[in-house]
Amino acid sequence: MEIALLSFPSSKPPLSQTLTLKPTAPFLRPSKPNLPSFRPSPFPSIRAAISRTKKEETVETVKTQLENCYLLAAVEYKGFTVQQFQDLRRSLPETSKLLVAKNTLVLKAIEGTKWEALKPCMKGMNAWLFVHTEEIPDAIKPYRTFQREKKLENDFSGAVFEGKFYGPGDFKQLENMPTRAEVYAKLLGSLQSPAIGLVSTLQAPARDVVMVLKAYVKKLEEESGGN
């Protein structure tokens, strides 16, 4: 007796024919991280604009101080405390002005002027003394007094007077200059003897000659007014 075995096809597809489902819906797709994009700004930053404006203002301030200025001196500023700087400012006469400004800005302001002779001082930290009077010794004296009282080693690093540069070792010439009254008395006295007076006057520096002539004119005006 033979038994026949019947085989029926399986309802499962063969492994080689298994379908792979891929997500097609948007919510099934992997999302990419939203990273911020960095693009250079086409406009300068506000901080840079403010810095440039302040520099321009400093240059203009220096130029303004140079008007009617007789002497410009650089003072070594490194090591000064805020209180010391304020005290020094208060000790100066009204005819002098002390400013703190970068060397590059001061150099820009004096470029092409007689004050350009101050270039050797354009290093280190400086405060700038603007003297608006012919009485140079009186303008320098307050700093010397302040320097002595505070026992400071900070000295003048240089100055320009009448277009000439004076180094630290030359300041005695400026500090020992005769006052206006002394120049008047000396030159007016010499004019009393015509021959000697004329020679002395012609040999005197141009500044002294101008001063004595002004004084002489003033004296004549006073005498004529008295008569």
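Predicted model: local features only at pLDDT ≥ 70, side-chain atom pairs only at ≥ 80, totals over all residues.
A residue counts as exposed when its relative accessible area is over 50%, as buried when that area is under 20%, and as partly exposed in between.

**Overall picture**

The protein has eight helices and five strands. Followed along the sequence, these elements come in the order α-β-α-β-α-β-α-β-β-α-α-α-α. Of the 227 residues in the protein, 32% are buried. The accessible surface amounts to about 16800 Å², and carbon and sulfur atoms account for 57% of that surface.

**Salt bridges**

Side chains of opposite charge can pair when their charged atoms come close. Across the whole structure, a search turns up four salt bridges.

| Residue pair | N to O distance |
|---|---|
| Aspartate 87 and arginine 90 | 2.5 Å |
| Aspartate 155 and arginine 144 | 2.7 Å |
| Arginine 144 and glutamate 175 | 3.1 Å |

Let's begin with the pair inside a helix. How far apart are aspartate 87 and arginine 90 in helix α2? They sit three residues apart in this helix, which spans residues 82–91, so about one helical turn separates them. Is arginine 90 buried or exposed? Its relative accessible area is 59%, and because that is over 50%, arginine 90 is exposed.

The other two pairs share arginine 144. Its salt bridge with aspartate 155 has the closest N and O atoms 2.7 Å apart. This pair links distant parts of the chain, eleven residues apart: arginine 144 belongs to helix α4 (136–149), while aspartate 155 lies in the loop between α4 and β4 (156–161).

Arginine 144 also meets glutamate 175, at 3.1 Å from N to O. Here the partners are 31 residues apart, with arginine 144 in helix α4 and glutamate 175 in helix α5, residues 171–175. Taken together, Arg144, Asp155 and Glu175 are linked in a network of salt bridges.

How do the members of this network fall on the accessibility scale? Arginine 144 has 19% relative accessibility and therefore counts as buried, the cut-off being under 20%. Aspartate 155, at 22%, counts as partly exposed.

Definitions and conventions: Residues numbered from 1 in each chain as written. Heavy atoms only, no water. Helix = DSSP H or I, 4+ residues; strand = E, 2+ residues; numbered from the N terminus. Buried < 20%, exposed > 50% of the residue type's maximum accessible area, 1.4 Å probe, protein only. Areas by Shrake-Rupley, 256 points an atom, 1.4 Å probe, with all protein chains shown as cover. Salt bridge = Lys/Arg side-chain N within 4 Å of Asp/Glu carboxyl O.
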